[in-house]
Amino acid sequence: MADKGSVTSRIFGYIRDNIQSGQWTVGEKIPSENQMCRELGVSRVSVRKALQQFVTLGVLNSVRGKGTFLISDDLSMFPPVLGNGLQSREALDTMLFTLEFRGLVEPVLCAKAAENATPELIASLTELVSTMQNSIGYSQAFVEADVNFHLEICRACGNPVTMSVMNDVFCRRPELGHMLNLALGYYGGIYYHTMILSAIKQKDGKRAHDLMEEHLQRGIYEVSVDNAELFEPLAEAAMYSAPPLLDSNTP
């Protein structure tokens, strides 16, 4: 049986490919969940989860009782088509180890921040998500907003030791964030940060925990050995061009 990450990626690729090729056109009703299940041999839960990502990002619109419609064919936020280039094995390993560490720590911090969310935290995270949405195509601004979103959650927990450690995790190798963004596109950050923000607004600690965990696990899957070819292009360019992502408010 295929693992959860590969199933979601396969459905995601199927949807994206049909949009990119023009097989589905704007205004058109796309195949039903049941049709996709039969064609791809996957569960309805998996199909619905993949569709929700495109709905959240404004590409699809699901109308109760009528079906799901393509409302935009703008895929600029999704991963680009990559060519050949020099792969940095060390960079891939470092990204994987970093994501694994974050996966142990950040879901717990996110749950705590959600349960004690202040209006100030919600306002700050809302502004950062807006910046991410407006920074599609501008990697530096996008990555800075992405990093600061996570740091704001850490800061909200009120532990200066945790804040110092997490700031070091994010800022020690800033070029890795740019490599990840260049290879994977913008959709994952916008989707998951939007959903996490929603959970924090509702002070739903469990949902915030689960979404952060899923967000980081998805990153781990994408950086896995099976998908290492995604990171071949632009590795050296990102390493030399990315400025430090420093947070001026860090203790």
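## A tour by selection

Start with helices H2 (residues 33-40) and H3 (residues 44-56): their axes come within 9 Å and cross at roughly 115 degrees. Axes here are lines fitted to C-alpha atoms, for helices over the stretch in contact, with angles running from 0 to 180 degrees between N-to-C directions. Helices (H or I, at least four residues) and strands (E, at least two) are DSSP runs, numbered from the N terminus. The crossing of H2 past H3 is right-handed; a crossing is right-handed if the near helix is turned clockwise from the far one by less than a right angle, and left-handed if anticlockwise.

Select Glu-33, Asn-34, Met-36 and Cys-37 on H2, then Arg-44, Val-47, Arg-48 and Leu-51 on H3; these residues make the contact, where contact means heavy atoms within 4.5 Å. By class, the contact of H2 with H3 holds four nonpolar, one polar and three charged residues. In that count Ala, Val, Leu, Ile, Met, Phe, Trp, Tyr, Cys and Pro are nonpolar, Asp, Glu, Lys and Arg are charged, and the others, Gly among them, are polar.

A note on the model: it is predicted, local features need pLDDT of at least 70, side-chain atom pairs count only at pLDDT 80 or more, and totals for chains, interfaces and linings use all residues. Residues are numbered from 1 along each chain as its sequence is written, and side-chain values use heavy atoms, with hydrogens and water left out.

**Whole chain.** Colour by secondary structure: the protein chain has 11 helices and two strands, in the order α-α-α-β-β-α-α-α-α-α-α-α-α from the N terminus on. Of its 251 residues, 49% count as buried (buried is under 20% relative accessible area, exposed over 50%, partly exposed in between, with a 1.4 Å probe and protein chains only). Among contacts between residues at least 6 apart in sequence, 76% join residues at least 24 apart.

**Gln-20.** Go to helix H1 (residues 4-20), where Gln-20 is found. Gln-20 counts as exposed because its relative accessibility is 51%.

**Ile-136 and H6.** Next select Ile-136, in the loop between helix H5 (119-133) and helix H6 (139-156). Ile-136 has a relative accessible area of 23%, so it is partly exposed.

Continue into H6. At 1.5 Å a residue, its 18 residues should span 26 Å, and the end C-alpha atoms are 26 Å apart, which agrees; the expected span is 1.5 Å times one less than the number of residues. Buried residues of H6 include Phe-142, Val-143, Phe-149, His-150 and Ile-153. Just after H6, Gly-158 takes a positive phi of about 75 degrees.

**Lys-203 and H10.** Move to the loop between helix H9 (187-201) and H10, where Lys-203 lies. Lys-203 is not a glycine, yet has a positive phi of about 55 degrees. Its relative accessibility is 47%, so Lys-203 counts as partly exposed.

Then select helix H10 (residues 205-222): its 18 residues should span 26 Å at 1.5 Å a residue, in agreement with the 26 Å between its end C-alpha atoms. Among the buried residues of H10 are Ala-208, Leu-211, Met-212, His-215 and Gly-219. An α-helix has 3.6 residues a turn, so residues three or four places apart point the same way.

**Ser-224.** Finish in the loop between H10 and helix H11 (235-241), at Ser-224. Ser-224 counts as buried because its relative accessibility is 17%. Select Met-95 too: it lies 129 residues from Ser-224 along the chain, and their C-alpha atoms are separated by 9.6 Å.
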